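This briefing covers a few local features of one structure. The sequence and the model come first, followed by notes grouped by topic.

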Amino acid sequence: MKSKQNPAEVPRLAAGALAGRARAEGATLVGVVGYSRPLDPASIPAVDAALQAALEACAAAAGGPIYVVSGATDAGVPGRAHALARRLGLVSVGFTARAALAWPLAPLDLLVLAGQRFGDESAAFVRTCDAFVVLGGGPQSTHEIAAARAAGKPVTAIQGLGGAADALAEGPGVTLRALRASR
C-alpha cells in the first residue's frame, strides 16, 4: 500500500520545538489517543462527530487555537483525528516512533519522531501535550492516559468503542462523552 504522504515531505520538529512553536502561537497541544487499527467503517461517522465535538470543547476550554497531536499513521483513531484536523483547518501533528515511517502516514503538517519502536514516544508525547482525548485504545493508550492523569492534564474520554476510554470513570480531570451512532 502506498503512503498517503511521503515522510520526507513532512517538516520535522523535536518535541521541545513543537511545544515552543505552539506556545509562541498561543496554541494548546491536544493529544488524541486510541486504537491504531482500522475502524469498522460503520463507526466512522460517529467517531468523527465525537472527535470533532471533543476537539471543539478543547478549543473552547483553551480559549484559542489547538494543534491536534496523535500517532502519525493513517489508520484508526489517529488517522481519523488527522483527517478531521485537516477538514477543520487545525494544525495536524504526527508524534510517533521511527517505526511508523514503514506505514502509510496520515495527512500531516508536522512530524515529531521520538524513539525507534512504537511506544518509545509515549513519555515525550505525554510531556508535550496539554490535554488529551481518548477513544478506544489498548495498553499503550492506557499507559499514556494514566501518565497524563498523574501529570494533572485534562482527559476527555469518548466511551462506546471499548478499550482504554471505556475503562475510565468521570472524576477530577476526566470528562466523559458518549460515542453515538449516526442516524
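Thr28 is buried, because its relative accessible area is 18%, and buried means under 20%. The model described here is predicted.

**Thr28**
- Thr28 belongs to strand E1.
- Leaving aside residues up to four places away in sequence, Thr28 touches Ala62, Pro65, Ile66, Tyr67 and Asp130.

**Helix H3**
- Helix H3 takes in residues 76-88, which makes 13 residues.
- From its first C-alpha to its last, H3 reaches 18 Å, close to the 18 Å expected at 1.5 Å a residue.
- The buried residues in H3 are Gly76, Val77, Pro78, Gly79, Ala81, His82, Ala83, Leu84 and Ala85.
- Those buried residues pack against helix H2 (44-62) and against the strands E1 (28-34), E2 (66-70), E3 (91-96) and E5 (131-135).
- After H3 comes Gly89, which has a positive phi, near 75°.

**Aromatic rings**
- The whole structure holds two aromatic pairs.
- One of them joins Phe125 and Phe132 in an edge-to-face arrangement, with 5.6 Å centre to centre and 75° between the planes.
- Phe125 is buried at a relative accessible area of 3%, and Phe132 is buried at 0%.
- Phe95, Phe125 and Phe132 are linked by ring pairs into a cluster.

**A charge over a ring**
- Arg37 lies over the face of Tyr35, 3.8 Å from the ring centre.

How values were computed
Residues are numbered from 1 along each chain as its sequence is written. This is a predicted model: local features need pLDDT of at least 70, side-chain atom pairs count only at pLDDT 80 or more; totals for chains, interfaces and linings use all residues. Side-chain values use heavy atoms; hydrogens and water are left out. Helices (H or I, at least four residues) and strands (E, at least two) are DSSP runs, numbered from the N terminus. The expected span of a helix is 1.5 Å times one less than its number of residues. Buried means under 20% relative accessible area, exposed over 50%, partly exposed in between (1.4 Å probe, protein chains only). Contact means heavy atoms within 4.5 Å. Rings of Phe, Tyr and Trp (its six-membered ring) pair if their centres lie within 6.5 Å; planes under 30 degrees apart count as stacked, over 60 as edge-to-face and the rest as tilted. A charge sits over a ring if NZ of Lys or CZ of Arg is within 6 Å of the ring centre and within 35 degrees of the ring normal.
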